[in-house]
Amino acid sequence: MGQVIQIDEARIRDHLGEMVRGTVEEALNAMLDAEADRLCGASKYERTEGRKDTRAGSYERSLDTKAGPVKLKMPKLRKQTFETAIIERYQRRESSVEEALIEMYLAGVSVRRVEDITEALWGTRVSPGTVSNLNKKIYAKIDAWRHRPIEGDHPYVFLDGIVMKRSWAGEVRNVSLLVAIGVTTDGYREILGIVEGPKEDKSGWSAFLRHLVDRGLSGVQIVVSDACRGLVESAAEFLPDAQWQRCVVHFYRNVFSLVPSGKVRDVSKMLKAIHAQEDRKAAAEKMKSVIADLRAMKLAKAAELLEEHGHETLTYYGFPDSHWIKLRTNNPLERIMREIRRRTRVVGAFPDGKSCLNLAAARLRHIAGTQWSTRKYMNMTPLFADQTQGAIVA
């Protein structure tokens, strides 16, 4: 048996890394020299009548690339400032590295973890300030996206809010982010907007809905939401032609809060039976029966809540039955709110409301570019077929 050959994989990887880094460094410096020759109109030391400028030495500059940190020799010219299309002036990192840093942060990686990852991948450690400065590049685009015009009609609109923590005069206080998504006449979902509000009240919802209407929100036939304070009044003011659907899931939770834990399962079955009926009339009759049953079970407060507000959960019956399951709850937006919460949880308390809004909006913009918005959510033909049929009958 011959001797066993042992291979030090770590040393091989380091050697290969040095080779790649050296090759990248040589290639970039060669490209910079070629760029300088083009600006001068002649090669280095070449004497020709077509020369426009002459070299004045060079200065060293570092650049972080995916292959690791490299040293560049930036040419200096006597008559003009050396400008290169290869690397932006003052740039210290390859654009792909910068994009990776931004993507990591927006994907939910904490700043501290970003520092560790960059050191492991590229051999250099970025500071929290660097990550913040990089994110400012995309925040301008995000702000423009938040204020873009809303085109086309959106028959179905879902509204909800989420509470975050932010620093305020040395104290940590709550700040609300109000979010709206809609379904277009073609059946695709679209994120309509997100704003910061001190709290979820009438003034906050009025400002948000005014913001959406001013940007072009139109054609709304139904608004789906929880019974947030002031939301229904604001919706009636700014979307007067829209009906309001109270989220069935949230309403169930409101009822359960008035029911002993041992009876929640039975009450849940009773409530679900209401929303399993074939039309609104049958659902209303079933609701009366359930109210009587709740009173017989000595659950007077739950019965009163159902009697007073149960009809608010039946609005969806006035729309095509193929849409019922998606219109009776706020689940389409709840999933997005959980995604925002997952992303912002790593931050904790934000230094200000603007950074909180920007990060949440960045996540929404990312979602808007995925299959979430490109996959058809509803077949809207039954809705407009019913409207056309109604118009003919009228």
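Visitor: Which residues in α7 meet which residues in α8?

Guide: This is a predicted model. In α7, Y252, V255 and F256 make the contact. Their partners in α8 are V264, V267, S268, L271 and K272. The residues of this contact divide into six nonpolar, one polar and one charged.

Visitor: Why are α7 and α8 called oblique to each other?

Guide: Take the angle. The axes of α7 (residues 248–256) and α8 (residues 264–274) cross at roughly 140 degrees. Roughly antiparallel needs an angle over 145, and roughly perpendicular covers 65 to 115. The two helices are therefore oblique. Their axes come within 11 Å, and the crossing is right-handed.

Visitor: What makes α9 roughly antiparallel to α10?

Guide: The angle again. The axes of α9 (residues 280–296) and α10 cross at roughly 165 degrees. The cut-off for roughly antiparallel is over 145. So α9 is roughly antiparallel to α10. These axes come within 8 Å. The crossing is left-handed.

Visitor: Which residues of α9 and α10 meet?

Guide: M287, V290, I291, L294 and R295 in α9 meet A302, A303, E304, L306 and E307 in α10. This contact divides into seven nonpolar, no polar and three charged residues.

Visitor: How many aromatic pairs does the structure hold?

Guide: Six. One of them joins Y156 and F319.

Visitor: Why is the pair of Y156 and F319 called edge-to-face?

Guide: The ring planes stand at 80 degrees. Edge-to-face means over 60. Y156 and F319 are both buried.

Visitor: What makes the pair of Y252 and F256 tilted?

Guide: Here the planes are at 45 degrees. Stacked needs under 30, and edge-to-face over 60. Y252 and F256 are four residues apart in helix α7, so about one helical turn separates them.

Visitor: Why does Y252 count as buried, and why does F256 count as partly exposed?

Guide: Buried means under 20% relative accessible area. Y252 has 10% relative accessibility, so Y252 counts as buried. F256 has 21%, so F256 counts as partly exposed.

Visitor: Which residues form one aromatic cluster?

Guide: Y316, Y317 and W324.

How values were computed. Residues are numbered from 1 along each chain as its sequence is written. This is a predicted model: local features need pLDDT of at least 70, side-chain atom pairs count only at pLDDT 80 or more; totals for chains, interfaces and linings use all residues. Side-chain values use heavy atoms; hydrogens and water are left out. Axes are lines fitted to C-alpha atoms, for helices over the stretch in contact, and angles run from 0 to 180 degrees between N-to-C directions. Angles under 35 degrees count as roughly parallel, over 145 as roughly antiparallel, 65 to 115 as roughly perpendicular and the rest as oblique. A crossing is left-handed if the near helix is turned anticlockwise from the far one by less than a right angle, and right-handed if clockwise. Contact means heavy atoms within 4.5 Å. Ala, Val, Leu, Ile, Met, Phe, Trp, Tyr, Cys and Pro count as nonpolar, Asp, Glu, Lys and Arg as charged, and the others, Gly among them, as polar. Rings of Phe, Tyr and Trp (its six-membered ring) pair if their centres lie within 6.5 Å; planes under 30 degrees apart count as stacked, over 60 as edge-to-face and the rest as tilted. Buried means under 20% relative accessible area, exposed over 50%, partly exposed in between (1.4 Å probe, protein chains only).
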